[in-house]
Amino acid sequence: MVRFLSLFSENHVFNRSLLAFFLSFCIAFILYKKIINWNRNKKNIIGENIRNLDILGQKEKEGTPTMGGIVIIFSTIVSTILFSSLKNIYVIILIITTIYMGGIGFIDDYIKIKYNKEGISVINKLLGQIILGFFIGITIYFNDNVQDINNIKKNNNKEHITTFPLLKRKFRKKFDYSSILEWYNKGFKKYTWIIFIPIVIFTMIFISNGANITDGMDGLTAGVSLIIFITLSIISIISSNRIYSNYFNFIYIPNIKETIIFSFSFIGSLISFIWYNTYPAKIFMGDTGSLTIGAVIATLAIINKKELILPILCGIFFIENISVIIQVLYFMYYKKKYGVGKRIFLMAPIHHHFQKLGYHENTISNRFIIIQIMFSVLVLILLIY
C-alpha cells in the first residue's frame, strides 16, 4: 500500500502522468461511444450543420455529432485534478485556459446548431482570446510563483528570458525581452511587460484560430495537435529537469513538472477522439475542441518559454492561417485595382484547395500530419543543436 501511494508523490510525476493518460483515454473513449449512440437515437440532435462549400462528400457529414471537444476538456480536467497538484500555478493556468476557451467554443457551437451557422461573431471571439492572452501574460510575468533560474528580480526589475532557437549555442539560445527596450534606454527595462504581454496575446489569437481554421477534415486537427502535444511534452520533461535542461541547453523551469501530467491527460483524450474522428468521422470536435486545443498549445509553449518557436512547431496551423490571410488580402487588392476580385487558391484554408484539386481528404490529412511530424523534429533539432 505504501509503495502504491508513493506513486503519487512529487518525485513520481512520470508515473502519475501515465495513470492520467490511461484514465483520460478510457473516460473519453466510453463517453464518445455513448454520445454517438445517443445522438443517433435522438435523430441528430447535436448534429453538425455543414456549410455548402461544393466539396465532394460534404453532404454525407450532415448530422454527425459535434462538440466532441467537451469530452476532451472533461476527461483532461478530471485526470489532471486527480493526479496533479492544484497548488501549482502552471496547472491552474492550464485548467483556466481549457475551461475558459472551451466555454467560448461551446457557446459558438451551440449558436451554430440552434440558431445560425455563423456562430459567435469574429469580434467577440477575438475579444475572448485577447482577454485570455492578457490574463496569461500578466500572470506569467508578474506572479512571483512563476520562476526559473533566469527569471529573477534584479534591482527591482524582473527579467524575462525566453528561447530563441536561431541563436548560436554559445548564447544558450536565450533571449531577454528587455533587450528590445534596453538598446534605447536601460531605464525602460522595468517596462518589459509592454513587449511580453502583446506577444502572448498575439500568440494566443494566432494559434487558437489556426487550430480552429485547420479543423475542416476528419482527423486533421486532432492528428496535427497530437504531434504538437507530444513534442511539447518532451520539451516539458527536459525543461523540468536540471540535468537534462543543462545538457540540452534548455531553460530550467523547476516547477513545471506538474504540467507533464496535464499534457499526458490531453494526449490521452486526443488519441481517444482520433479513434472516432478518423475518416469517416463518427464525431467532430467543433469549436469547443479546436479553439481549446489552440489555446492550450499556445499556453504550454509560453509556460515552457518556447513561444518563439511556435511558427515552426505549429507549422500546419501557421500555413492554414497564412493561406486565409493571403486569400483575403489578394482578393481585396485585385478587386480594388481591377474592380473584380480574384483568388490565389481555389478555396481557403489551404486544405480545401487540395480538395478542390481532387485529393481525397484522408490523403490530405495524412500528408499534413506527416509534414507536422517533420516540423516537430525540426524544432527539436533547432532547440538541441
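Modeller: Here is how a few of the labels come about. This is a predicted model, where local features need pLDDT of at least 70, side-chain atom pairs count only at pLDDT 80 or more, and totals for chains, interfaces and linings use all residues. Residues are numbered from 1 along each chain as its sequence is written, and side-chain values use heavy atoms, with hydrogens and water left out.

Colleague: Why is Tyr385 called exposed?

Modeller: Exposed means over 50% relative accessible area, buried under 20%, and partly exposed in between (1.4 Å probe, protein chains only). Tyr385 has 64%, so it counts as exposed. Tyr385 sits in the segment after α15 (361-384).

Colleague: Why is the pair Tyr141 and Phe142 edge-to-face?

Modeller: Rings of Phe, Tyr and Trp (its six-membered ring) pair if their centres lie within 6.5 Å; planes under 30 degrees apart are stacked, over 60 edge-to-face, and the rest tilted. With centres 5.0 Å apart and planes at 75°, Tyr141 and Phe142 are therefore edge-to-face. Tyr141 is buried at 3%, while Phe142 is partly exposed at 46%.

Colleague: How do you know that Tyr334 and Tyr338 are tilted?

Modeller: Their centres are 4.5 Å apart, with 40° between the planes; that angle falls in the tilted class.

Methods: Helices (H or I, at least four residues) and strands (E, at least two) are DSSP runs, numbered from the N terminus.
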